[in-house]
Amino acid sequence: MKDAIYTSLLATKRKRRKSFAVLIDPDKADTAKIARIIDLSTRAKVDYLFVGGSLVISHQLDEVVQQIKANCHIPVILFPGSPSQISPYADALLYLSLISGRNPELLIGQHVISAPVVKKSGLEIISTGYMVIDGGAPTTVSYISNASPIPADKNEIALCTAMAGEMLGMKLIYMDAGSGARRPISEEMIQLVSSFIEVPLLIGGGIKDPEKVYLNAKAGADLIVVGNAIEKDASLLAEMVNALHSVSVPERP
Ligand code: 1GP
């Protein structure tokens, strides 16, 4: 089984460094826009490019991944909204189980159906406990998943859910306020969850500025995912990555 990406995520966490991922939704980006994001991501030293969306109706997934792979060396990780979103051209797949919801289809049902295809893809498979946190407005994720998000102020529920995911063997915990969330996840929740789990913690949803990137990383996020804000204003990218990496610098004794 491949494990290069996960090994590097663990090594980064061990060094107390942070990572930044740009989320590219194949439905929202055309070739020119993707080319610009690739260019800016390379210059800003973005760590990962996530590709996926809740719907992916454009059937452009393979093309988008191939465009990225042909133009940069940043690892591509699939962040699928459904089991059909698999491209063998990517480097890894977040194998998501929606552990914050109680919809059996998204906990295990769709995984059973897609298992042979996923296995055959040859991708590095990273099991991920996916937790949707209320971001202040219904998002595509919450509608599609037909599962209630964890209320934004219920830090203990988030904590117990993440702990359960880790003890069930999930290699990552991803807390997501949903794409374009009005209210991103609070630092209090991030701090509490990160202090009780050992696996890398991914945070995304509604992060719009470098300050929030900095605060989330400082609170304990290991990897920050930003999509919408960069789609709207790609020039934010460099500032966001700089803000993140300023947290990674080890403090002097
Ligand atoms: C959504 O966490 C990702 O699943 C990114 O969210 O598009 O709001 O940055 P944004």
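Student: What kinds of residues make up the shell around the ligand, nonpolar, polar or charged?
Tutor: In this predicted model, the shell around the ligand divides into four nonpolar residues, eight polar ones and one that is charged.

Student: Okay, and which residues are the closest to the ligand?
Tutor: Of the 13 residues that surround the ligand, the closest are Asp176, Gly180, Gly206, Gly227 and Asn228.

Student: How much of the ligand does the protein bury?
Tutor: The ligand taken alone exposes 310 Å², and the protein buries 97% of that.

Student: Where does the ligand sit?
Tutor: The ligand sits in the largest pocket.

Student: Switching topic, how many salt bridges are there?
Tutor: The count comes to four salt bridges, and one of them joins Lys13 with Asp222, where the closest N and O atoms are 2.9 Å apart.

Student: Which parts does that pair tie together?
Tutor: Lys13 lies in helix H1 (residues 4-14), whereas Asp222 is in the loop between helix H8 (210-219) and strand E8 (223-226), so the pair ties together parts that are 209 residues apart in sequence.

Terms used:
Residues are numbered from 1 along each chain as its sequence is written. This is a predicted model: local features need pLDDT of at least 70, side-chain atom pairs count only at pLDDT 80 or more; totals for chains, interfaces and linings use all residues. Side-chain values use heavy atoms; hydrogens and water are left out. A residue is near a molecule or strand if one of its heavy atoms lies within 4 Å of it. Accessible areas come from the Shrake-Rupley method with a 1.4 Å probe; for residues, only the protein chains shown count as cover. On a 1 Å grid over the protein atoms alone, a cavity is a set of points where a 1.4 Å probe fits but cannot get out, and a pocket is an open set with protein on both sides within 12 Å along at least five of seven lines; lining residues have an atom within 4 Å of a point. A molecule sits in a cavity or pocket if more than half of its atoms lie within 2 Å of its grid points. Ala, Val, Leu, Ile, Met, Phe, Trp, Tyr, Cys and Pro count as nonpolar, Asp, Glu, Lys and Arg as charged, and the others, Gly among them, as polar. A salt bridge is a side-chain nitrogen of Lys or Arg within 4 Å of a carboxyl oxygen of Asp or Glu. Helices (H or I, at least four residues) and strands (E, at least two) are DSSP runs, numbered from the N terminus.
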